[in-house]
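User: I have a protein model open and I am new to this. Could you show me how to read its features?

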Amino acid sequence: AENQSQPSLRPDQLQELSRLAARIEQFYGGPRDVEWAFADGQFYILQARPITTTTAAELEKVRREEMERVP
């Protein structure tokens, strides 16, 4: 219970994950629902698929908000 409010990733790891997400978005030409794992000090991209449950405007708003939160 004491660890529930603690981040799972360090700021540098969040930056790395953010860069990976940006590369995936650039590769596919738009936002993706990305499933990832972290093991042995490395990120692994398990899959990236189109997001089908929201509008383009909603996706862009969420993407911008998330990018602003990364240190």
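This is a predicted model: local features need pLDDT of at least 70, side-chain atom pairs count only at pLDDT 80 or more; totals for chains, interfaces and linings use all residues.

User: Which pattern does the protein follow along the sequence?

Analyst: Begin with how elements are named. Helices (H or I, at least four residues) and strands (E, at least two) are DSSP runs, numbered from the N terminus. Here there are two helices and two strands. Their pattern along the sequence is α-β-β-α. The C-alpha trace spans about 40 × 25 × 20 Å along its principal axes.

User: How many bridges join β1 to β2?

Analyst: Two strands pair if DSSP finds at least two bridges between them. β1 and β2 (residues 42-50) are joined by eight bridges and run antiparallel. Look across the pair: Val34 stands opposite Ala48 in β2. Glu35 has Gln47 as its bridge partner in β2. In a regular strand, the side chains alternate between the two faces of the sheet.

User: What should I look for in the loop between β1 and β2?

Analyst: Find Asp40, which is in that loop. The hairpin has two residues between its strands. Asp40 has a positive phi of about 50°, although it is not a glycine.

User: Is Asp40 buried or exposed?

Analyst: Buried means under 20%, exposed over 50%, and partly exposed in between (1.4 Å probe, protein chains only). Asp40 counts as exposed because its relative accessibility is 81%. Now turn to helix α1, where Gln13 lies. Gln13 counts as buried because its relative accessibility is 9%. Glu25 is also in α1. At 21%, Glu25 is partly exposed. Of the 71 residues of the protein, 11% count as buried.

User: Which residues does Gln13 touch?

Analyst: Contact means heavy atoms within 4.5 Å. Not counting residues up to four places away in sequence, Gln13 touches Ser8, Phe38 and Phe43. With neighbours within four places left aside, Glu25 is in contact with Gly30, Pro31 and Arg63. Across the protein, look at contacts with a separation of 6 or more: residues 24 or more positions apart account for 33% of them.

User: How far apart are the C-alpha atoms of Glu25 and Ala48?

Analyst: Check both chain position and space. Glu25 and Ala48 are 23 residues apart along the chain, and their C-alpha atoms are separated by 9.2 Å. Ser18 and Thr55 are 37 residues apart along the chain, with 22 Å between their C-alpha atoms.

User: How much space lies in the largest pocket?

Analyst: Rolling a probe the size of a water molecule over the atoms shows where empty space is left. On a 1 Å grid over the protein atoms alone, a pocket is an open set of points where a 1.4 Å probe fits, with protein on both sides within 12 Å along at least five of seven lines; lining residues have an atom within 4 Å of a point. Grid points are joined across faces, edges and corners, and the volume is the space filled by probe spheres set on them. The largest pocket holds about 760 Å³. It has 25 lining residues, and the closest to its centre are Ser18, Ala21, Arg63, Glu66 and Met67.

User: Which elements supply that lining?

Analyst: α1 (11-28), β1 (32-39) and α2 (56-69) each supply at least two residues. Ser18 lies in α1. Ser18 is buried, with a relative accessible area of 13%. Leaving aside neighbours within four places in sequence, Ser18 is in contact with Met67 and Val70.

How values were computed: Residues are numbered from 1 along each chain as its sequence is written. Side-chain values use heavy atoms; hydrogens and water are left out.
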